[in-house]
Every structure is written in structure tokens, then in C-alpha cells.
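Have the viewer open and try each task before reading its solution.

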Amino acid sequence: MQSKLHAYEIVYTILKEQILNSQLEYGSQLPSVRQLAQQHRVGTKTIKTVLKLLQRDGLIRTRERQRAVVIYQAPFLKKENASVRSIVRKRTAILDIYRTMELLMPEILAFCAKSVSVYELPSYEKAVKWIKRPRLTGSWQLCSNIIHDVLLSSGNFLISSFYASLEIYAEVPFLAEYQRLITGYTPYTELHHADWLLDCLQSDSYTVQRSFAAHYRAVLQTAEKSFDLLTALHPDVRDDGEPAFNWNAGWGWDSLYKKIGRDLVEKIGTGIYSPGTLLPSQSSLGKEYQVSLSTIRKALKVLQSLGFIETINGRGSVVLSHEKWRIHQRSRHPNHRQDTFMFLCGLQLITFLIRPAAALVFDRQDTALEQELQDRFARSPKSCLKEWMDCLLPRVPLYPLKVILGEVTDILNWGYFYSFYTSTSPSMQKLNKLGEHAFLSLQKGDREGCLRDLHEGYMYLFQTIHSSCIQRGESGAGLLKVPQKL
């Protein structure tokens, strides 16, 4: 298990990256301490620590009772070759990020746009002012703000979070605007802008999806053209081919002991630790997860409160039977309510990820995939969908999509799912049938049938858990809508 970063370290890294690539531009003001705390879901004390670190690094200037100002100017604004060459070196990695946007964002934006009117968007007034006096610079930032407003309206913070990471690693400010200082090329003339965005978002869902598909295709093409020009200026710079994308879905939410607790629940739910057996000793678990005994004890306390285990002095932690799991009591504790909402957000998001990810794998015609699935199904798994995901994830060829899917998969704790439904329940049987149908379609070479069954499986999974949480009064569940077919 990876070591846990403190919240201030993660927020510091995010803001630093945004300053270094000019998403937070030279001379601009940062949001207030309170606004930053709300955006990053941390306390004001954490934000003050981050601002001190950014000032120490010479990236911002802070003054009492005033917002911090960015004082760092990106090297590419000064036409420094070293900075430009480092971007050219990441051509493949960056273009893969734009390909990921093209795959994911049209359907997601069409879904999110149904939740809000353009007149309610926080960036609406700025967009209207820009439309009256359009200018060459700053358009990318305004468009980015509008898109984030729309994504946040869905109530699923994971969507806006992963898109923000895509923008950071895609070098959007440089490729959309600042590279013209070097190449003379201005993507502005070939891309849609704030006025188009506002008009598009008022259309029906089908039109929104189709329009954004064309938009992100154009964005990818302008990025490819920009790299062609930059490569011609620096013919000696080779593409290193190394992946360059990272996203932490759990920052500001996760704690190490809770992560260990969910991993143990996963193992209990999937039968690795069966009822009546003992968990490994606390010292063994500490070595396995590379954490202190106090962290292990906190994790075991969570499992005990939910009825997954019973700790017996002198014996250890005994795994209890399914009938004793008190999963419905999670709603009484703030931490558990937060876990449930995160779980629901992950379930909703994966309904948008599964089709494009599975399509990429299917199109590679990996003959080993069919054999591996057949072997897994022969072992009578509790969940065919889980077996599918375990096989698909390592095979996803588009690195940013693989990272996003991996982070969301970590959130989808099947142990919690089995707390809602036993392996013999009608819901579980229906999910397994969809997984089996997807496998039969794979064997027949029926691409669309395979993708449809996998998507329907995760849609049904989200719908059943979502409905159950709403009936039990889980806070936040009502904010998330069920995606509809376009």
C-alpha cells in the first residue's frame, strides 16, 4: 500500500502545478483562504500552511488581509528553450491526455449539463462580458471555468477532480495560448469559445454530446499541429514516450486507517477471509500494510463497529457471518456517510468509464483476455463484473484513462457491495448474468454486445445501491442522478 500524503502536501502539489504551467497566471490573485479551503475540501489552517510553502518557493506573494498574488512567470513566457524542450519531450504523454478527454468528456458534459442552467453558472457573467469584447488571450481560462462549473453541478466531485488533473498534465495554457509566442500558431482561431459553450450547453443532451465530440476532436487536432510546429523548431528533441499523468481520487477524503479498513472489508466480502476465521495478527497486518499498530487498531475498530469482525482478547479478530454485518449503521456516523457518498460517486463515474475502456481493450484483440476470463469464471466468482474489471484494467492502453479507471476501481469496494446484497440475491444474480453475457459476446466477437452488457451491469449496480441509499436517507445520495441513455 502506498504511503499516505498529508492533505497540505496534496493541495500544495496541485496549486504548485497550476502555477508552474500558468493555469494560475503571473500577476493573478489566488482565491481567498476560505474559497481555497472549500475547493479542496480541507481546513483553512491547511490552506495557510500551503500558502506559506508556496511563498517560500517564490511562487506567490502574501500580505495580511489580502489575497495571495502569483509572482512566478513560466519560462516559456520568456521563450526559454529549456522549458519548451521539456514540453516537446512529453509529446506522446500529453496527446494521450487529449485523447482521453475526447473519449470521456462529451458524454459526461452532456449528462452534467442537464443539472444546471447556463444562467446559474458562476462564470456566466464573466463569459457575457468576454463575448461583448472578445480578445485573443485568456479565452482558454474562461472556457475551462465554464466546463468546471458544469461538471460541479453534477454533485459528483470526482468528475471535476479528474478533469482538473487532465488539464494540469495536458499543458493547456501553453498549447492553447502561450506557444503562439514561439510558433506563431494561434489555436484560438480554430477552436470554440465561451459564446459557443453557452449556446451549446442550452441544447438537448444528444446535441451537447455530439457538439462536444467535435470540439474535443478539434482540440486534439490543434494540439497535434502545435507539437508538429514545436518539433520542427527543436528537431533534436526526442519524444521520451514516458507517461505523464497522475490523479489521486481520495485526497482530502481518505485516511490511511480507513483505506486499510476498506481493503480488509474487500477481502472479507470476497471470501479471502471467510466467516469464522481469524484475521492475521495486528503485528502481521502492520507489516503487510507498512503502518504502525495504532493505525491497524483504528482500522479494526471500524470493521468491528460495522459488524464484520469481533475482537476477542487473547485470540484475535474473528470474521463474522454476513447476517451480523451492520452496514446500515454506517449512515449514523459522519465518516461512514462520507464513505458511502464516495462509493456512490465512484459507481456513477464508472458508468461513463467502462465503455470506452472496454472498447480500447476489445479493439486490441487480446486473445489472452478470453482465456483469463474463462479461468476466473471457472472458479465460481462472487462477481463476474469484478473479474471483468480485474482483467480489463491492466490491459487499458491509454495511460491517463487507465489511471482514472484504477483510482475509481479502488473506491468501488466490493466488500461493501456484498454488505448490501448476498451472493444469492436477485441483484447479484442479475449482475453475474450480465457479466456472463458480456463474456459470451466476447467469444462471438460481438463488440457492441460486450460493451452494452458491461455498461448495463455497472448502471444496474449504481441504480440499486443509489436507490437503497436514498431509501435509508443517506446524505448526498439525492445529489447524484442516474445517467440516462442518449
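Predicted model: local features only at pLDDT ≥ 70, side-chain atom pairs only at ≥ 80, totals over all residues.

**Exercise 1.** Describe the second largest pocket: what is its volume, and which elements line it?

*Solution.* 
- Start with the volume, which comes out at about 490 Å³.
- Next, find the centre. The lining has 23 residues, and Glu107, Gln209, Arg355, Pro356 and His455 are the closest to the pocket's centre.
- Now go to the elements. Those that give two or more residues to this lining are α5 (91-112), α16 (334-363) and α22 (447-471).
- Look at α22 in particular: with 7 residues, α22 gives the most to the pocket lining.
- Sorted by class, the pocket lining has 8 charged, 4 polar and 11 nonpolar residues.

**Exercise 2.** How many cavities of 30 Å³ or more turn up in the whole structure, and what lines the largest cavity?

*Solution.* 
- Count first: the search finds 6 cavities of 30 Å³ or more.
- Pick out the largest cavity, with a volume of about 420 Å³.
- Zoom in on its centre. Of the 27 lining residues, Trp140, Val172, Ala176, Leu191 and Val219 are the closest to that point.
- Check who gives the largest share: that's α12, with 6 residues.

Terms used
Residues numbered from 1 in each chain as written. Heavy atoms only, no water. 1 Å grid on protein atoms, 1.4 Å probe; cavity = no way out; pocket = protein on both sides within 12 Å on 5 of 7 lines; lining within 4 Å. Points joined across faces, edges and corners; volume = space filled by probe spheres on them. Helix = DSSP H or I, 4+ residues; strand = E, 2+ residues; numbered from the N terminus. Nonpolar A, V, L, I, M, F, W, Y, C, P; charged D, E, K, R; others polar.
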